[in-house]
Amino acid sequence: MSAESGQLRGRTAEAFLHNPALGPLGALVVAVIVFGATTSTFLTVDNLSLVVQQSLVVGTLALGQTLIVLTGGIDLANAAIMVLGTMLFARLVTEGSAPVLALMAGFVICALLGGVSGGLVTWLNLPPFIVTLGMLTVVLAVGRLYSQGSSWPVTDSMLNALGEGGYLFGQIKVTHGMTLAVVMFAITWYALTKTGWGRHVYALGNDPEAARLTGIHVGRTRFSVYLIAGVIYAFAAWQALGRIPNADPNAFQTGNLDSITAVVIGGTSLFGGRGSVGGTVVGALIVAVLRSGLTQAGIDSLYQDVATGVLVIAAVAFDQLARRRSR
Amino acid sequence: MSAESGQLRGRTAEAFLHNPALGPLGALVVAVIVFGATTSTFLTVDNLSLVVQQSLVVGTLALGQTLIVLTGGIDLANAAIMVLGTMLFARLVTEGSAPVLALMAGFVICALLGGVSGGLVTWLNLPPFIVTLGMLTVVLAVGRLYSQGSSWPVTDSMLNALGEGGYLFGQIKVTHGMTLAVVMFAITWYALTKTGWGRHVYALGNDPEAARLTGIHVGRTRFSVYLIAGVIYAFAAWQALGRIPNADPNAFQTGNLDSITAVVIGGTSLFGGRGSVGGTVVGALIVAVLRSGLTQAGIDSLYQDVATGVLVIAAVAFDQLARRRSR
Amino acid sequence: KTKSGSDDAGDKSGPVKIGLVTKTDTNPYFVKLRESAKAAAEAKGATVIAVAGKFDGDNEGQVAAIENLVQQGVKGILITPSNSTGILGALKQAKEKGILVIALDTETDPKDAVDATYATNNTTAGELEGKYVKATLGQTAPRLLMMDGSPGGTVDEQRHRGFLQGMGLKDGDPAILGAAPTNGDQNKAQSAMENLLQRDSSVNAVYTLNEPAARGAVAALTAKGLAGKVAVGSIDGGCQGVADVKAGKYLATVMQFPRKMAEQGIDAVVAFSKDGTKPNGFQDTGAQLITDKPLPGLDSKDTTWGAQNCWG
Amino acid sequence: MTTPALQARGLVKRYGRVTAIDDADFDLYAGEVLAVVGDNGAGKSSLIKALSGALIPDDGQILLDGQETRFHSPLEARKAGIETVHQTLALAPAMDIATNLFLGRELRRPGPVGSVFRLLDRAAMRRQAQEQLDALGIETVQHIGQIVETLSGGQRQAVAVARAAMFGSRMVIMDEPTAALGVKESRLVLDLIRRIRDRGLPVVLISHDMPQVFELADRIHVHRLGRRAAVVRPSDASMSQVVSLMTGALQIGDDGAPPDVSQVSLAGSSSALAVPRHAPRSP
Amino acid sequence: MTTPALQARGLVKRYGRVTAIDDADFDLYAGEVLAVVGDNGAGKSSLIKALSGALIPDDGQILLDGQETRFHSPLEARKAGIETVHQTLALAPAMDIATNLFLGRELRRPGPVGSVFRLLDRAAMRRQAQEQLDALGIETVQHIGQIVETLSGGQRQAVAVARAAMFGSRMVIMDEPTAALGVKESRLVLDLIRRIRDRGLPVVLISHDMPQVFELADRIHVHRLGRRAAVVRPSDASMSQVVSLMTGALQIGDDGAPPDVSQVSLAGSSSALAVPRHAPRSP
Ligand SMILES: Nc1ncnc2c1ncn2[C@@H]1O[C@H](COP(=O)(O)OP(=O)(O)OP(=O)(O)O)[C@@H](O)[C@H]1O
Ligand SMILES: Nc1ncnc2c1ncn2[C@@H]1O[C@H](COP(=O)(O)OP(=O)(O)OP(=O)(O)O)[C@@H](O)[C@H]1O
Ligand SMILES: [Mg+2]
Ligand SMILES: [Mg+2]
């Protein structure tokens, strides 16, 4: 009995130690503690809520990116697709569509674009980097054309709902956007770890040839990942309008790199097949926390950049060193 | 005799067919022919020289990137390191250093930065994406601080030599920068294909564990790649001052993505171990050719983007389809 | 000197070709510039080839664009230089080929690197914003947050400097509580302002480099309950910006006139192609303070006027 | 003459200048263990890849119970009930044993949790996986959640064999299934093959281990230089004769004529065993 | 008593809860072929990985000609003249046969072209590679420039074996070198091993093929549950006895006492063969 529970504890500890998001999670906790101790303003309910809100859009983009990276791919177009999504929502509503229809149209187009990338990657067997790079240039240009050179403010309550609405959880302000993000991450986590589809996604990224030989629906699974990612980008677009009720063709130029960064900091391998959604949450939060905390500490933004760069490397290095010792 | 030469021809054809840069090369040739036929200004000696000059900086960055990608890594900081290099050259000379010393300082710093990335990747076993991302943020910020918020014009003849100096090869203007690029690509090609070091670089990217078990100097080789890439970035900085005699901390923000693009279009695998320097040349030229040709054809840059995106995908897709047929 | 393999500009018949090189394709401001130029050119029977850098600061992209336009055989080039010194070499070569080169929106340094400049004086624009904010504060000591562009950008620096002049402050003054680069992006501006406010919310004045940055800053201020208590100024004069001022989101903006720049530039090139007359010097296309709360001693127009004259 | 369960005629597969399958024929009858033997590089793996959909032949036809079939992917072959142990094992290295065993055929929880929410039945899969591995005598595997890339060579092979044995419903193809296995473990796999045959499923066994082949096989398909060189019954030929056939020291005429070494009675005992006389031949 | 060429005492390697090497000892004497046998997952590969620098043991010592040594990487072991064929083969899949054979030991052109410009002698490497492969009887390899990932399993293994045979200068360790090889090819590898021994180099041979082991080995090291269970001479024990030792059906006392099944004369004939009496044991 006690030996068994000991073994169980051993197993939990081991699974925990094998989780590559561990170092970054540690770093996140350390950063929160340090900023909490050194500034009076960081560890306030207000500020914590803000930090989460600031990472919502990139976090949602990173969720879709995680799926694609797990299959061994990469998506360079996610932020561009999202921006196009915001443009669609905003312009359609401004031109008189019902908000629900505008939302649906945006979701369909984003899914379609994801699906086109997925189709090219899956059935023409093209490198994801090239496909999504082409997609990026095309979607950016289309977004600019569609915007007619200006940004489109949005005042519809449905489109802004994610940022404006919300409720208090204890003292913390929880926006609908935060709730939605939690739900989306939870569903994706469930799908990836508790369903056959999720296992196929991992297998696919881990060794595509083995996955094919085992008789997995390799093509269908890969395609579904890009399609679902497209839908997730539409959610990111909705989140973006919640944060900023204005669709701007210029916005989120670093959104794509930021999303890949969140994925990779979270311990997901760019070679595919290894990683987790939980890691991505940590990755998305860590950058926002550093940015916020360093500002509270009164550090100029250029020095913030230096510190952020060093800290990100340090977080991952710490993880590696700890692992090496334990091996 | 004839059977042998037939076999030889067979072998050459096969090697040729196996070269993943083939599709893009075909696309490049087709693009040149099409633009030559449809515009009167594209296929002129002047313009061809210009197209090459326009791809020098990105091409040089992509050369260093190729080495790193071959080892299975990626360098997000290359353009930032190069920009810092231009700042060093320019500011040191402006503040009175001898140009030779300024050049040397720039080369040393770039090599050092490459070396630091390499060291972290090699000996702390950190993911190249994270290391070079950290490096990117740090170097960008340092470059901006060092620039004191303004750009530094350069008038020194040595620093500008690569763009200004040159000679006529037939009717084609060949700048020193073009000569230097050819020499650098040739040397790298030689090192990668004709020396043991080059084979180790490929083996490393191909299967790191196998490379380690065979008894290759895995660490030393990997580190050397990052170090050499750093030196190549310094050359890119010099090329950049030859093109534009002005060191601007805001320049080349897309230089990194452009360099990865050139590498990937050239058929080098982001998973490492497969690819070639020749492909990178094609990759670097193809974007410049499209840009120039479409401008000659009077197409606005917004539509150029759409066309470029589609054409890049098409080039690679064509390659894949041809291969599938021949399989 | 190398021989040109292509025909010299002007040898060909057909409409006058004019190259327009903007900083980016994305910014509504440059989109307006492009549209105005196209409209003006069409009216005069000329065609415009519009090309752009990929981002603000893309000197290499602009140089390549100029080179390609020169090859194409344009009669004149209108350019908004991404950096006042970065592209002089390419401009010089264009001029040597007999092409008329006009800077729009942003000056080159030295100014005679181009034949003429049609631009807003950005220092003046910044100064107007600064003076207005100062006047709003009245006797209250300023406590200022600054939403800058990107470090090292020419226009960004000029507006920043002008604003401080207008406020009567210097960089490093303790009255400046903080500053952050926003790249003129609303999202970045909002996050930056949120974080700065978390540190210190005693702010009473905000400089914003452009209207998207202003919108981001105001959103953060509103969330903090500071809307209306802080004097926020901006620059640009986009229609959305004017509407924001009208709606009282921020107090004032300084309008630029890209359409004027474009039209005057096109006119100059067309004139040059007809009879070879070259314009010269710096032509200020003006900067106009727009606000519904005019203050004594400051020339301003209201948002109704603004809505008629705005761009984008 | 009964229809073969699986039959191939005139299969060809070329890779550039290498011809991996060179006009090969193949017959597998219901309920038999057919051994496929041949030198390294003879094309055995390529042949069974073609039969299991892992490779699309350039030419030739495949007949399943007499019906012409085309497998465009391993998935299609698997759906037809053909289960294969590939020489490369085809395991996902970063995933654990149980996951690999059930990859593509995961068990879901009973009831709506499984059918609607698609929740996997992890416990059931682990339990069945453990049973299957135990049956193969792989006792050193310390827990079923071990990651495959950390397994020993033999353990890994056992996982692949266990998977095929578990799911084969029409026939099982095994490419050198005991190559990395120990003495005891090999023995258990041979027992397993017998049990599969006793269930009525035919088994294709590629092996270099002649004693094993002679012990187990009902017929031996000798592959040489990309094609079938002969088919013999273990009772009709000696090991050394089979080895001679493999290396080409002993030959059977291209027209299916009797072997040129007179004392060997090959392919003569029954029509099913004869080298097919009317196999289509492309030039 | 002569000093062993390679000796290990009390090696330990743990992976989380799995103990791959559990206080293992090892002795290899000059000029002998030492077979290492054991069940799947017994820890044979882990043991020879520790001996060849591919794995750094948690505990224990390794002695080379009586000198304590530590290999921090496979490179160091290779520099000491220890050449290893790993079970995973350790080939770079996207590179060709010749390149793989000479990986890390490329031949350069004679003269300054080679020493200064580091130009590889591609022709010489291809020629030697071809000779080496021919010696192993791998005739189906159609050209030496074929990419390794397109080779058949046996061809690939032959490349790995050829490499080790070519470069071993002090001893050669082979982990299941004939697992994927055909009958003829296996035979040639056995000949090769004999030739290596005749050159005076000791060979460690891991194999599951008992007849092979008994044919070739001078001594047999039986590995079980991560440690050496016994060392026997083929002449002193039968195959079934060795198999019983592997599976634990037959045991030798922990103190090196005679086996508990009396009729087996193990480890008794010479001190060199005895299970070491004074091996350090950690608790
Ligand atoms: N990296 C690792 N992590 C966890 N366990 C491991 C690792 N490497 C090996 N093992 C375990 O150590 C044990 C010994 O493995 P090893 O490969 O040495 O066995 P072996 O005797 O060579 O077996 P085989 O005959 O099947 O090749 C096995 O149970 C294996 O699962
Ligand atoms: N993708 C490929 N490209 C080129 N040649 C190939 C490819 N796949 C297999 N070959 C060649 O085809 C031939 C047959 O290979 P195959 O794997 O079928 O042999 P095998 O009989 O299974 O050998 P082994 O007993 O060694 O496993 C070999 O010469 C091999 O090199
Ligand atoms: Mg095979
Ligand atoms: Mg082993």
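**Notebook: a disulfide, a ligand and a pair of chains**

I searched the whole structure for disulfides, counted as pairs of cysteine sulfur atoms within 2.5 Å, and found one over all chains. I note at once that this is a predicted model, in which local features need pLDDT of at least 70 and side-chain atom pairs count only at pLDDT 80 or more, while totals for chains, interfaces and linings use all residues. Residues are numbered from 1 along each chain as its sequence is written, chains are lettered from A and ligands numbered from 1 in the order in which they are written, and side-chain values use heavy atoms, with hydrogens and water left out.

I then looked up the partners in that disulfide, and they are C:Cys239 and C:Cys310, with 1.8 Å from S to S. The link of C:Cys239 and C:Cys310 is right-handed, with 85° about the S-S bond. C:Cys239 lies in helix H8 (residues 239-246) of chain C and C:Cys310 in the segment after helix H10 (303-309) of chain C, so the pair ties together parts that are 71 residues apart in sequence. Helices here are DSSP runs of H or I with at least four residues, strands are runs of E with at least two, and both are numbered from the N terminus.

Next I turned to ligand 1, which lies between chains D and E. I counted a residue as near if one of its heavy atoms lies within 4 Å of the molecule; of the 22 residues around ligand 1, those that come nearest are D:Ser152, D:Gly154, E:Lys44, E:Ser45 and E:Ser46.

For polar contacts I took pairs of N or O atoms within 3.5 Å; within protein, one must be able to donate a hydrogen and the other to accept it, and residues adjacent in sequence count only if both atoms are side-chain atoms. An oxygen atom of ligand 1 is 2.6 Å from an N or O atom in the side chain of E:Ser45, and a backbone N or O atom of E:Ala42 lies 3.2 Å from an oxygen atom of the ligand.

Chain B can be laid on chain A with an RMSD of 0.2 Å by a turn of 179° and a shift of 0.1 Å along the axis. I recorded this as the relation of a two-fold axis. In chain B, the C-alpha nearest the axis belongs to B:Phe271, 3.3 Å from it.

Technical notes: Copies are superposed by least squares on the C-alpha atoms of residues with pLDDT of at least 70 in both.
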